[in-house]
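Good morning, and thank you for joining this group meeting.

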Amino acid sequence: MRHFKKAILVSLVFIIIAAVISATSISVYFNDVSDRKIRSELAGELDYLIIGASHGLRAFVPSIIDDNLNCSSYNLSGALMTFKGREAILNEELQRNHVKNVIFEISYNALTRPLNEIEGDLHVVPRLNSAKGRVAYFLSNIDVFHWDLPYSYYFTNGTFSLLKKILRPSAQDTQDSNKGYAPLNATDLTLNKSEIQEKYNSNTNETTINKENIVVLEKMIDSCRKAGANVIFVVTPVSDSCIWESSNWDVFYSNLKELSAEYNVKLYDFNLLKARYQLFNDKISFYDNYHLSNDGAKLFSQSYCNIVKMSDKQAIDSLFYSSYSEMKEDSPYNQ
Amino acid sequence: MTITSFAFLTFCFLTLIVYYIVPKRAQWVVLLFSSIIFYLIISVNGIFFVLLTASTIYLSARLMQSLSDQKKLYLKQNKQLLSKEQKTQYKEKIQRKRRIILVLTLLLNIGILCFFKYCHFAINSSNSILILFGFEPIEDNLNLIIPLGISFYTFQSIGYLVDVYWEYYSAEKNYFKALLFVSFFPQMTQGPISDFEQLSKELFSEHSFTYNNYSRGFQRMLWGFMKKMVIANILAPWVKDVFANYHSYIGLTAFIGIFMYSIQIYADFSGYMDIMCGYCEMLDIKLAENFQRPYFSKNVAEYWRRWHMTMGAWFKKYIYFPVAMSNWSRKLGKKTIGFGKHFSETFPATIALLITWTATGLWHGASWAYIVWGIVNGIFIILSLWLEPIYAFLREKLHINEANSLWRVFQVIRTYVLVSFIKVIPEVGTLSQGLGLIGRGFSEHTITSSFSTLFPFLAGENLLKIAIAIFMLILWIILSFLQRKKPIRNYFAKLPLWLRMAALLAIFFIIVVVGIPASKEGAFLYEAF
């Protein structure tokens, strides 16, 4: 019994010390998540929200949207953000802002991905406003047997934040002055002659929609409408080479059109914008096949604003291709 | 559920609690249930083969034992009545029956192992020959999934069965105890390959909880997690990259990849052993050790006495000695006495070693690369036997003092380099790829001052991870040196509690920061066996 008591006592001491160190580090990290602080400062002012995953995070420049649409926007998107994560963050902002418009960024695989994605979910947790909300989201979305990765992530980031504070106390915290938008550099993705031939329709996108995502999507649309906000589906541009490679983009587009019709939501697929080949090119507009570069994002955001303004005054269907197959015929790789 | 997962830790913790709560005589039952549950979680289909192996060896051992007992009883009862010839005939008759049981059971279990492990290899090899002679190749539509740990538990069971046949000890009467011996989960997936006599004493005796076992076991587990998750898993992607793309790297980088692999596999395998031995220590169960600082060996033979020791002991006991001590081997030795004593002793040993090392290569993997790997290891050991008189002559002539530290350092480095090169032969892919990697180092002589060319994996955030891994590796090497004099745990136990706690917390947090992200992809290397 004596051995047992000693083992329990020493184990408890070890666990408590580890827990205290971990809690200190994790709380430093959570405290440092600037997105949450900035959104809190802007609470009550925001009326135009963008919610999506990394495609949205790298595409919508709020400053351009604010200037052109005379609003106060915020890009709530996050890398690998699942629909559950989008719902959690969106609901928080709907509750404390008088939101008029919400862009749902829907990429080619947003609806086909699993509902839970640890990496996406662990980025969401520190962005939620209340500790109770963070705990609730963590417990309901991250399986207990996968707690090791979030623990490692938060602890590591917290340790680095703590070290930075100790070693460089005068250093300014990085402020996200882009209202959620995260710019990327450009990479030349232009295909050469042999690649054009090799890669044409060489793969397919996953098209089976995960019904769990639809359930959450419906709830999000419902929440927006109850809050008096208008919902818009937007597909951000991907590179020409990305479209060139996959043979079944029209399946994705047709699924999305069905959904937008079912929920009576406007849909703008900017891959199908007729001006895309003048606006975007694989040389400077993209970071990789799926994400816009800073230059590309600025052009895209401006285009988005133009399209929204025009759509108020006239029909804009003629500004878009009716299908990806039609669009591919005008691709520079098809010349 | 991988060994480095939170789920596995939870499973171990719960087993530990139940193990010490139940009456001591029921502790082995807890281990049996845990082992079955463990295997069911990891591989539901595979449990059938575990049960088949356990059942067949149990029945066979009992049958052989009953024949032995029957023989002893009969001879005792008829001691005065039977002539010497009659007794010999009777013994031979019983032995023949026992041999038939043994052979049939071995054929069944080895057959299952060979089917799962070597079927594709056999088909591919046959197809190479068929195609060469213009025949249609055999279609290989079998999608076989090798039952987890089959190589380990099959060999362990064979060892038990052969020991009963040799009458080293009596067969286990309790089926469930035999099942536990076969399926004991800490050694199921990567060994050690235990001896029944040693392991059964540990498994079936009563165990009391002691703080000493608990804390030392925990320390060892933590150290094992560090080796696996921090050192092995950080090196893994870069080794994989060098192996997959060696033709695009300069020779020096190829060499670095080879040495990184030798560190990776040692950290991986010995890390696993530390985790399992540490856990068993918490259960007051002593598992056989598998490593004894192998990279400090002075020659290849010594290396194999220190690396994967239980596998080496198994092959020595059940393949090498039976072959080397067999009648035909002795006759061969006698026939070759005309060539000298050294020749007559070494030649039969050579045959036995070649057979043993070919089998060892095959056990490790179903490919020609593994067979060649095994034979190459055997050749180096054989060469050292044949050349020993020459080496002794040269040492005397050159006045080499074998006790000299510099000479020992030379031997250790030489052996380390040699075994590292031999190790990679089967690990790159095919035999030609393995030899290609080694050849790259000797053919691509570009010397570069470019750090990024030499060490392509040292970029950006990788630098911190590799720095931590190297730091822990250096610490490990230093502790291994200290371990030669006295077990390091004895040094550690003398430190004040706060210092021990700080050291363990430091290792814990290193695992959290560096090991957990690195481990998301890395399965244990020996699990595939």
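Setting aside neighbours within four places in sequence, V61(A) is in contact with Y181(A), A297(A), K298(A) and S301(A), where contact means heavy atoms within 4.5 Å. This is a predicted model, in which local features need pLDDT of at least 70 and side-chain atom pairs count only at pLDDT 80 or more, while totals for chains, interfaces and linings use all residues. Residues are numbered from 1 along each chain as its sequence is written, chains are lettered from A and ligands numbered from 1 in the order in which they are written, and side-chain values use heavy atoms, with hydrogens and water left out.

To stay with V61(A) for a moment, this residue is found in the loop between α3 (54-57) and α4 (62-69) of chain A. Helices here are DSSP runs of H or I with at least four residues, strands are runs of E with at least two, and both are numbered from the N terminus. V61(A) is buried, with a relative accessible area of 6%. The term buried means under 20% relative accessible area, exposed means over 50%, and partly exposed lies in between, using a 1.4 Å probe and protein chains only. The C-alpha atoms of V61(A) and H291(A) are separated by 13 Å, and the two residues are 230 apart along the chain.

Next, the nonpolar core. By this term I mean a set of buried Ala, Val, Leu, Ile, Met, Phe, Trp, Tyr and Cys residues joined through side-chain atoms within 4.5 Å. The largest one has 242 residues, and those with the most contacts inside it are L90(A), V102(A), F104(A), L217(A), F233(A), Y268(A) and Y304(A). Helix α9 of chain B, residues 251-282, gives the largest share of this core, 19 residues.

What is F233(A) in contact with, leaving aside its neighbours within four places in sequence? The partners include F104(A), I106(A), L217(A), L256(A), S260(A) and Y268(A). Of these, S260(A) lies in helix α12 (residues 249-262) of chain A and is buried at 8% relative accessible area.

In chain B, R220(B) is found in helix α8, residues 211-244. Is R220(B) buried or exposed? Its relative accessible area is 15%, so R220(B) counts as buried. R220(B) and D274(B) are 54 residues apart in sequence, yet 5.7 Å apart in space, C-alpha to C-alpha. Beyond four places in sequence, the contacts of R220(B) include D274(B), E281(B), E289(B) and R489(B).

I turn now to backbone geometry. Most residues other than glycine have a negative phi, and most peptide bonds are trans. The peptide bond from G191(B) to P192(B) is cis, with omega near 10 degrees; P192(B) lies in the loop between α6 (175-183) and α7 (196-204) of chain B. N264(A), although not a glycine, has a positive phi of about 55 degrees. It is found in the loop between α12 and β5 (266-269) of chain A, and at 66% relative accessibility N264(A) counts as exposed. H308(B), also not a glycine, has a positive phi of about 45 degrees. H308(B) lies in the loop between α10 and α11 (309-324) of chain B and, at 0% relative accessibility, counts as buried.

Between the chains, the contact takes 19 residues from chain B and 21 residues from chain A. F6(B), Y211(B) and F509(B) supply 29% of the area that chain B buries against chain A, more than any other three residues. Together the two chains bury about 2,000 Å², 81% of it on carbon and sulfur atoms; buried area is the accessible area (1.4 Å probe) lost on putting two parts together, summed over both.

Finally, the cavities. A cavity is a set of points on a 1 Å grid over the protein atoms alone where a 1.4 Å probe fits but cannot get out, and its lining residues have an atom within 4 Å of a point. Grid points are joined across faces, edges and corners, and a volume is the space filled by probe spheres set on the points. There are 2 cavities of 30 Å³ or more. The largest has a volume of about 80 Å³, and its lining includes Y108(A), E206(A), F252(A) and L256(A).

Conventions: On a 1 Å grid over the protein atoms alone, a cavity is a set of points where a 1.4 Å probe fits but cannot get out, and a pocket is an open set with protein on both sides within 12 Å along at least five of seven lines; lining residues have an atom within 4 Å of a point.
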